[in-house]
Structure formats: C-alpha cells, structure tokens
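Please keep the structure open beside the text as you read.

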Amino acid sequence: MNAVRIQVVLRSGVHNSIRAFGTTSVTNDIHRCKVLVVGGGAGGCSVAAKLSSKLGQGKVIILEPSERHYYQPMFTLIGGGIKSLEDSFRPMSKVLPALAKWLKDSAAKFEPEKNTVLTANGDKIEYEFLLVAMGLQLNYDKIPGLVDALAIPKGKVCSNYSPKYVNRTFEALKAFRTGNAIFTFPNSPVKCPGAPQKILYIAEHYMRKSKKRQNANMVYNTSLPVLFGVKHYADALWKVVEGRNIKVNLRTTLVEVYPERNQALFQNLDKPEETFTTDYEFLHVTPPMSAPDVLKSCEPLVTETGFVDVNKDTLQHVRFENVFAIGDCSASPNSKTAASVAAQSQVVYKNMVSVMNGHKPTRVFDGYASCPLVTGYNSCILAEFDYNLNPLETFPVDQSKERYSMFLMKKDVMPPLYWHLLLNGLWNGPGLARKLMHFKL
Ligand SMILES: Cc1cc2nc3c(=O)[nH]c(=O)nc-3n(C[C@H](O)[C@H](O)[C@H](O)COP(=O)(O)OP(=O)(O)OC[C@H]3O[C@@H](n4cnc5c(N)ncnc54)[C@H](O)[C@@H]3O)c2cc1C
C-alpha cells in the first residue's frame, strides 16, 4: 500500500506527520525540544524547573502520563493513620514548571542513537538532551497470590508502596485482633529501603496504644543480611526491635500469598531449599521492584539490571554524552530516596548546562541519601549517609537517637519542603545547612 506523508509545521513547534493509507489516516506528532525529561516525579520535576527557567519557554518537554503527582514519602504516615491520601498528591498540571511543555503520554521506546523517544500514543520526540527520571516499577504480580490478596475488600494484606493500596494499611491495623503481624522486605532494589520497617514500628506502637500488643506477634522478614545498611543506624534499630520484642528474620523473602487461607510462604535465601508457611492476621508487603520495562528493553542505555548506566559521580550516561539520569531509575549505587534526588538535582542541572556549553561535567554527587526512620507516633531516627555508607549528618546531635523533633520534621517540615522548594528546583539537599551547623564554612 502506498503511504503519502505530508509534513505540516505547526506554530507550537509540533510537526504533524500525516500518513494516509487508502481511506484511513493515522496522525502522529513529531515534537522537537532542547531537553526532554522523561518522568515528572520528584527528579524530573525539580530538574525541569531549573532547566526551563534557564532556557526559557517551550525548550523543555516533560513526558509524563499521570494526572497526579504523589509525595510518596508520606505513604508511610498514611499507613499509620497520621496523614490522609488526599494530603499526599497534587494535580500534575499544578506541579510541573509552567515554562516547560507537558506531554501527557508515556515513553514506549528509547532510541538514544537517533536522539529520539517514541511514545505510547505513537508520537515521536526529537531531543538534543535527555534526562531519564522514570522512577522504579512496582512488581506486585511477581508474588503469586498477592494481587488477589490486595483485591479483597477490608482484607488482611496491605502495602504502603502504591497509592492504590496504601489506605488498606491503617484499615487492616484497626481490624487486627490477634495473631501474626508480618512485614516484608523483598529481594530487589527498593525505594526508600527504610520504609518497610518504618511501618513495622508505627504498627507496633499502634498495637500498644490500642491495647492489642499482647495479642500481636510482630515479625519482620527481610531479604537483606542486615537490619539496615549503615551500621551506625542498624545498631540503634537492633535496640529498638529487641526492646519492643519484634522478631527479625534476615535473608527471608516472601514467595507466595494464599489469601483464601490467610497464609504466606517464605524462603530462606541462604538455603533456598528451606521454606516455611506461616499464618497471618496482618501482612504488610513491600513489593519486588525493578527498573521500568521500557528502560530494560533499551540495551545501550542501561546496565545488566536495566537501570540507566550513568557515571555515579556526574550522573552523565557512560556512552551518550547528551543523556543524564536522576533518581530511582539511575544505576548510581545510592539508596533510592527523594533526599538523594534533591542532592542530585543541582549536580545534574549544572552538568547538563556544562555539556550544553561544550564543557565537561564537573559537579560530583557524593551519594547522599536520607531516611527518616519513623519508630512510632512521636519518634524518629534521622539516617543520613553517603555512597560509602558513612553517616553524613546535618544536625550537630547524635541522629541515631530516637527523637520527637525528627518526627515533627518528617511530618510537618518535609512535605512543604518537597512541594514548594524541591519541585520548583529550589532545594538541593541539606549540604549547605550541614556545613553551617558543623561550622565548616
Ligand atoms: C512508601 C514510601 C516511602 C518513602 N519514604 C521516603 C522518605 O522518607 N524519604 C525519602 O527521601 N524518600 C522516600 N521515598 C522514596 C521517594 O519517594 C523516591 O525515591 C522518589 O520519589 C524518587 O523520585 P524519582 O523522580 O526517581 O521517581 P518518582 O518520583 O517515582 O517519579 C517517576 C515518574 O516517572 C513517571 N513514569 C513512569 N514510567 C514512565 C514512562 N514510561 N514514561 C513517562 N513517565 C513515566 C511516573 O509516572 C512518575 O511520575 C519513599 C517512597 C515510598 C513508596
């Protein structure tokens, strides 16, 4: 069949490529931009804000399919009944920078050799520079029985990790009467590696407050060989679990859920032949996660595990000089947190501008990550550390101690910091505050 292609250049800079096949016609748009940002989450939004105010109107396109932007760190508090789901999101249109153009569509194929991205709706975007900021993919379907269990109304299985399920957690806590309350950490990279145990501590405190603690056998089954990756905080957390009679099983992963009989199958990762089935009255699941499938399928762009293959210092792609990554989808070996995104945002922005001006990228990311380890309804250990898992603390106090002040910071200070400063490209992490507080200026 003969295809006739007519190119029409529209005022907006969109090129409409109309293909007429016999009687039917398909219209695909071609968009051109200086910078394409794929993903309008924490990382995409903050760097797009910086870049679009530098480059001006319409130079940056943000490719993002969601109507809502969620402040995901709040999910932990929603699970504990401290905040509501409505507190945790804003319309995407309100948080993306006004100077950038929002394309409400998703990336379907990356073609880094051609500097193009194809979208799910069949559009093509041609870019000079690309920032990949797609976050992590939640793989609930990798655990047989889990999706069915999460579909049971007022069920015993819950998960803080998705806005679809987060409201179930507090409901299940309220409904708890007696039995095993089990919390899991999967055998995969996760966003905010502290979050699977934050809800454990909040739940344990909830059980005490509601006089149900004596009926609850609290268990934390984690795939990791340690309670937390940074020894300074792990030592403090071991005291918390021992003091509160919480059973921790290391190297133990969830394999299957049997919702019809309220049981779950676990495996010992060091001795895979060793499995055990346990009853649950409450089961909080942190799902397995991975790089998004669309990234994994673009080999030149990613590492073996599917994360964007960037230099861990500059966050520039190791092969494509005009490609950068930020946040959870990057292969940089930091803990995947919004706090890291803040610290990365200025490094990515400055390095992208350097490369645009024909220079080498010189800004270096130190691997900063922060995890406010909420240990109940009025206490929190504020973990902050670098690539080498050395503490990198902002405040001149021992942050491994449980403190009410840190809980208030997590609950009341961090959300406005995120909405008003980080997303507008005005918060680059606490590096400067840290220097000031430690008199290093
Ligand atoms: C329960 C929980 C607790 C957490 N607690 C904390 C905490 O206390 N402190 C902390 O610092 N961090 C915490 N985090 C982690 C933090 O939320 C993430 O690290 C952060 O949001 C990562 O930002 P990002 O931009 O990489 O990804 P996201 O913010 O997840 O954004 C990714 C964006 O990409 C979009 N996208 C996906 N696929 C496509 C596609 N094909 N095309 C286009 N766009 C696409 C998505 O719609 C999304 O908007 C927590 C997360 C959770 C879930």
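The report below covers the ligand and its surroundings, then the sheet.

## The ligand and its shell

Do keep in mind that this is a predicted model. The ligand has 36 residues around it, and those that come nearest are Gly43, Glu64, Lys198, Asp328 and Ala338. By class, this shell has 17 nonpolar, 13 polar and six charged residues. Domain 1 (29–136 + 291–370) and domain 2 (138–289) each supply at least three residues to the shell.

## Polar contacts and cover

For Glu64, a polar side-chain atom is 2.6 Å from a ligand oxygen, and for Ser66 the corresponding side-chain distance is 3.2 Å. Met134 takes part through a polar backbone atom, 3.4 Å from an oxygen atom of the ligand.

On its own, the ligand has 990 Å² of accessible area, and the protein covers 90% of it. Elements giving two or more residues to the shell include helix H1 (42–55), helix H6 (195–209) and strand E22 (369–374). Helix H9 gives the most, with three residues.

## A three-stranded sheet

Now for the sheet: three strands form an open, antiparallel arrangement in the order E16-E17-E18. Its edges are strand E16 (252–258) and strand E18 (275–279), each pairing on one side only. From one strand to the next, the twist averages 30°.

Strand E16 pairs with strand E17 (residues 263–268) over six bridges in the antiparallel sense. Which residue of E17 is the bridge partner of Thr252? That partner is Asn268.

Note on methods: Residues are numbered from 1 along each chain as its sequence is written. This is a predicted model: local features need pLDDT of at least 70, side-chain atom pairs count only at pLDDT 80 or more; totals for chains, interfaces and linings use all residues. Side-chain values use heavy atoms; hydrogens and water are left out. Two strands pair if DSSP finds at least two bridges between them. Helices (H or I, at least four residues) and strands (E, at least two) are DSSP runs, numbered from the N terminus. Axes are lines fitted to C-alpha atoms, for helices over the stretch in contact, and angles run from 0 to 180 degrees between N-to-C directions. A residue is near a molecule or strand if one of its heavy atoms lies within 4 Å of it. A polar contact is a pair of N or O atoms within 3.5 Å; within protein, one must be able to donate a hydrogen and the other to accept it, and residues adjacent in sequence count only if both atoms are side-chain atoms. Accessible areas come from the Shrake-Rupley method with a 1.4 Å probe; for residues, only the protein chains shown count as cover. Ala, Val, Leu, Ile, Met, Phe, Trp, Tyr, Cys and Pro count as nonpolar, Asp, Glu, Lys and Arg as charged, and the others, Gly among them, as polar. Domain bounds come from an automatic or database domain assignment.
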